[in-house]
Structure formats: structure tokens, C-alpha cells
Amino acid sequence: MSALLSVEGLRVDYLTAGEPFTAVRDISFEIQPNEILGLAGESGCGKSTVAYALMRLHKPPALVRRGRILFEGRDVLSFSDKDLRAWRWSEVSMVFQSAMNSLSPVMTIFRQFYDMLRAHGPITKAEAQDRTAHMLEMVGIPADRMHSHPHQLSGGMRQRVALALALTLQPKLIIMDEPTTALDVVVQREILQEVLRLKDELGFSVLFITHDIALMAQISDRIGIMRAGEIVEIGTAAQIVTSPSHDYTRSLWEAMPILAKRPKGARHAV
Ligand SMILES: Nc1ncnc2c1ncn2[C@@H]1O[C@H](COP(=O)(O)OP(=O)(O)O)[C@@H](O)[C@H]1O
Ligand SMILES: [Mg+2]
């Protein structure tokens, strides 16, 4: 099977005053079609830096110093702005920790779907409304909420809207950077179940980023453990849960509250 995404020796520096700071240090990994790859590690280890670089959304002072990012064999780092506009959302999309970073506070929900749809091809307003209604219903939001502004929805509903928006153009990969961290555990669990259900229905890959290794073990097929800009261990969820080979991975488990430790039957136990 050929990889959907292949990252080879990626290095990202922040060019701050003084010495450049290497936030991501020559990391390599692949994501297969229809796979959920988890990327776990403590705050500040470089997870978001990886996510932004993969989508070419990183901005100065961040600089990709080395490496390759191949999406279906295409070299993302050499894409033109036009290539990037066509590629983002339609082939790869992103859900951020706070829906407020994905959604504009000044536009209705419909407006945001409409703008994204129009940017990717001709579509009438009526068609866009049908599509928006369909997508909202798919994530459990009544279609008439498309006329609301984001602040009129709860945090959980906003995150569902961000997920619907990310799925609208049926991308092959969705990057989720701490998508449920700001939500309470019950809502978090509901949304993750929704992601698994939609993945089975639509078929897409996910790069799922979190500092919560127990949560990660519940939904991922494979897990990479990041520490200080490096991937120190990568393997199937079962390997990482039952026989972590790296001391750091073990210490992440040790840090979990006892009830969350090593969930049996890993990914289906959400
Ligand atoms: N704009 C920036 N300028 C300088 N350093 C940054 C910037 N953004 C992040 N960093 C540093 O890069 C490292 C990785 O950050 P980040 O990717 O946000 O980690 P994570 O998402 O794992 O919490 C951290 O040490 C952070 O302080
Ligand atoms: Mg982060």
C-alpha cells in the first residue's frame, strides 16, 4: 500500500533573536489511507508546529529547514500558492483546538460554508445551502443553525461545525490538533465517536494530535510519541499501550490517572 502522506526528515526552526530554535528535529512518518495516526507528547514538544508545517500554514519566524512532505507522492513544499489553495480543504483539512480559530466570529455558519465551497468551484447559493444542511445534519446539528453566528452555539456544537466544515469537500486527510481539549469529557467522547463513525462512512485518514495519551490510545490505529521535537517511538496503538519500548512513553503512561491507564481493547473502548 502506498502512503497517503509521507514525511521525511522534516525539520522546523523558529528564527528568533539569537540562535534559531529547532522545534521539530528531523522527524519522519507515514499516514496510510483510512488510517488514524495519533501524535502524542507533552505541551511544547512540537506537535502544532508539525501540523502547521504539513499544511504549509506555518508563518515566520517558523521556517522549514529540511525534509520532504509528500502527499500522494506530490511534493507539498514545492506547491505554488495556487496549488495550495486548491489542495487545502479539498484534499487535506484541519480542525484546530479552538473552533474559534477555524471559524470566523463575524460570519454566519452558512456564509463560511458558502465561501469555502465557492472558492473550490462554481456553486449556486441554493446548492450551497443544501450542502451545508447535509453536512450539519451529518455531525448532529439541526440544519437551521446554519443561520447562527458561532458565538450563538455551545463549544461542543462549534467544534462539530468545524468538523463538518473540514469534511465538506471530502478531503483524504484531516489534521486534528487537540480538537477536543477545550471540551468537557462527555462532549469530547461524543465528538470522537462521531469522528470514528464518519471515518467508517466516508473513508479518510486522520492525524490526531493530543497531549492525552489515554484518549489517543482509544481512537488511533498507530501512535507516534513526540518529545522535544523528535518522534521517540512509533507503533501500533496496541504496542504503545501494552509494551512501550521507550522510557519516555512509559513515563507518559505513569503520569496518567490510574483509571485512564492502559484501556483494554484500546481503540473501541471510547
Ligand atoms: N512563534 C514562535 N516563536 C518561537 N518559538 C515558538 C513559536 N511557536 C512555538 N514555539 C516553540 O516551539 C516549541 C513547540 O511548540 P508547539 O509546536 O506549539 O508545541 P505543542 O503543540 O506540542 O504544544 C515550543 O518550545 C514553543 O515555545
Ligand atoms: Mg499545540
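## Helix H10

On one side of helix H10, Asp247 and Glu254 are exposed. This description refers to a predicted model. Helix H10 spans residues 247–254, and its buried residues are Tyr248, Thr249, Leu252 and Trp253. Viewed along the axis of H10, these buried residues fall within an arc of 145°, so they line one face of the helix. Asp247 and Glu254 lie on the other side.

The shell around ligand 1 holds 13 residues, of which Gly44, Gly46, Lys47, Ser48 and Thr49 come nearest. By residue class, the shell divides into five nonpolar, six polar and two charged residues.

Oxygen atoms of ligand 1 are approached by both backbone and side-chain atoms of the protein. A polar backbone atom of Gly44 is 2.7 Å from an oxygen atom of the ligand, and a backbone N or O atom of Gly46 lies 3.1 Å from an oxygen atom of ligand 1. In Lys47, a polar side-chain atom lies 2.8 Å from a ligand oxygen atom. On its own, ligand 1 has 570 Å² of accessible area, and the protein covers 63% of this area. Strand S2 (21–31) and helix H1 (47–54) are the elements that give two or more residues to the shell. Helix H1 provides the largest share, three residues.

## Strand S2: Phe29 and Asp26

Strand S2 also contains Phe29 and Asp26. Is Phe29 buried or exposed? Phe29 counts as buried because its relative accessibility is 5%, under the 20% limit for that class. Leaving out residues up to four places away in sequence, Phe29 touches Leu5, Ser6, Val7, Leu37, Val50, Leu54, Ile231 and Ile234. One of these contacts, Leu5, is 24 residues from Phe29 along the chain, with 8.3 Å between the two C-alpha atoms.

Asp26 counts as partly exposed, at 38% relative accessibility. The phi angle of Asp26 is near 50°, a positive value in a residue other than glycine.

## Further backbone features

Most residues other than glycine have a negative phi, and most peptide bonds are trans. A positive phi is also found at Glu178, again near 50° and in a residue other than glycine. Glu178 lies in the loop between strand S7 (173–177) and helix H7 (185–202). With a relative accessibility of 9%, Glu178 counts as buried.

Where is the cis peptide bond with omega near 10°? This bond runs from Pro60 to Pro61. Pro61 is found in the loop between H1 and strand S4 (62–71).

Ser93 is placed in strand S6 (residues 92–95) and is buried, with a relative accessible area of 0%. A polar atom of the Ser93 side chain lies 2.8 Å from the backbone oxygen of Ala166. Not counting residues up to four places away in sequence, Ser93 touches Met55, Ala166, Pro171, Leu173, Ile174 and Ile175.

Ser104 lies in the loop between helix H3 (99–102) and helix H4 (109–119). Its relative accessibility is 18%, and Ser104 therefore counts as buried, the limit being under 20%. A polar atom of the Ser104 side chain lies 3.3 Å from the backbone nitrogen of Val106. Neighbours within four places in sequence aside, Ser104 is in contact with Gln112 and Pro150.

## Met157 in helix H6

Met157 belongs to helix H6 (residues 155–167). Which residues does Met157 touch, not counting those up to four places away in sequence? They are Ile141 and Arg145. Met157 and Phe21 are 136 residues apart in sequence, and their C-alpha atoms are 37 Å apart in space.

Technical notes. Residues numbered from 1 in each chain as written. Chains lettered and ligands numbered in written order. Predicted model: local features only at pLDDT ≥ 70, side-chain atom pairs only at ≥ 80, totals over all residues. Heavy atoms only, no water. Near = heavy atom within 4 Å. Polar contact = N/O pair within 3.5 Å; in protein donor to acceptor, adjacent residues only side chain to side chain. Areas by Shrake-Rupley, 256 points an atom, 1.4 Å probe, with all protein chains shown as cover. Helix = DSSP H or I, 4+ residues; strand = E, 2+ residues; numbered from the N terminus. Nonpolar A, V, L, I, M, F, W, Y, C, P; charged D, E, K, R; others polar. Buried < 20%, exposed > 50% of the residue type's maximum accessible area, 1.4 Å probe, protein only. Arc of directions from axis to C-beta. Contact = heavy atoms within 4.5 Å.
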